[in-house]
Amino acid sequence: MTIIEWLVENMSKLQKVGVDSPRRDCLVFVEDVLRKDRAWVVTHPQHGLGASDLEELDRLIVRRLKREPLAYIRGKAWFYGRFFSVGPEVMIPRPESEAFIELLKQLVDSEQLTADSLKIIDIGTGSGCLAITAKLELPNAHVIAVDIDKKALELARHNTVKHNVDVKFITSDLLTSAELYHFVHDREQNDTVLIANLPYVPTGLVTSPEILHEPKQALFSGKDGLSHYVSFWQQISKLLSKPQHVMTESLEKQHAAMTNLAADAGYELKRTEILVQHFEKIS
């Protein structure tokens, strides 16, 4: 069987079960199995696939037909120009979350934050993609990654080794751990940013079969999707020394409610970028 024959046959299979990107997914599988880039694959449609290649491709396509996310099948996901290892213990990074990094860099570029004294605390780090990318893009920053799930933190640590960065990890339910409390209060907070990509999907809202493969605790958050953020902002409001900047991600329809939660904690909205909101402490 040639590449083009396999692609045509299996694109049709994926299309029939409702996969929204059958051509992309099939091309990715061929690229991974043959260890060739996209340009090579599309310019060699008559290349014959060996028995071992077909066996591996068939194994991959069976998993995708069950609507397992492509990133879990590959064991990696693309985020801000880099691959990060992912697995079913963490949520798959979304392109929308790259706005966190853009907003952080804009704050430094505008001199609202000093790169050398910047402290970034990533709450709910999951795969660590936000914390690690922040460290790679702002190498002088001190970065702390926080998650309640020890398996997620183990994967995040693996990604720090993969990308050769120094990030401190803390196990904590949001801001509750004594160790994290120490870091939040160990210095002036003018150059501290809390970034939080917490669960915000309303419980029971299933947008695709793929989402059912992701960890529920990383996605769903009560009837309105804001239960985790309610706790988060309440904890911030009780801090004796509050961070100057807080960034959150949520659905657009949740932004007004998020702004109200932030206001109750002493913060005002400064900017919205896609799904990410940047709040600053009210002087």
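In this predicted model, helix α7 is mostly covered, with seven of its nine residues buried. The buried residues of α7 are C129, L130, A131, I132, T133, A134 and K135.

The largest nonpolar core has 31 residues, and within this core L104, L118, I120 and M247 touch the most other members. At least two residues of this core are supplied by each of α6, α7, β4, α8 and β6, and the largest share, seven residues, comes from α6. The residue ranges of these contributing elements are set out below.

| Element | Residues |
|---|---|
| α6 | 98–109 |
| α7 | 129–137 |
| β4 | 142–147 |
| α8 | 150–163 |
| β6 | 192–196 |

When its neighbours within four places in sequence are left aside, M247 is in contact with F100, L103, L104 and L107, with V193, L194, I195 and A196, and also with V276, Q277 and H278. A second, separate core consists of 26 residues, among them L175, A196, I236 and A265.

Is S177 buried or exposed? Its relative accessibility is 15%, and because buried means under 20% relative accessible area, S177 counts as buried. Apart from neighbours within four places in sequence, the residues in contact with S177 are I170, T171 and S172.

Note on methods
Residues numbered from 1 in each chain as written. Predicted model: local features only at pLDDT ≥ 70, side-chain atom pairs only at ≥ 80, totals over all residues. Heavy atoms only, no water. Buried < 20%, exposed > 50% of the residue type's maximum accessible area, 1.4 Å probe, protein only. Contact = heavy atoms within 4.5 Å. Core = buried A, V, L, I, M, F, W, Y, C linked by side-chain atoms within 4.5 Å. Helix = DSSP H or I, 4+ residues; strand = E, 2+ residues; numbered from the N terminus.
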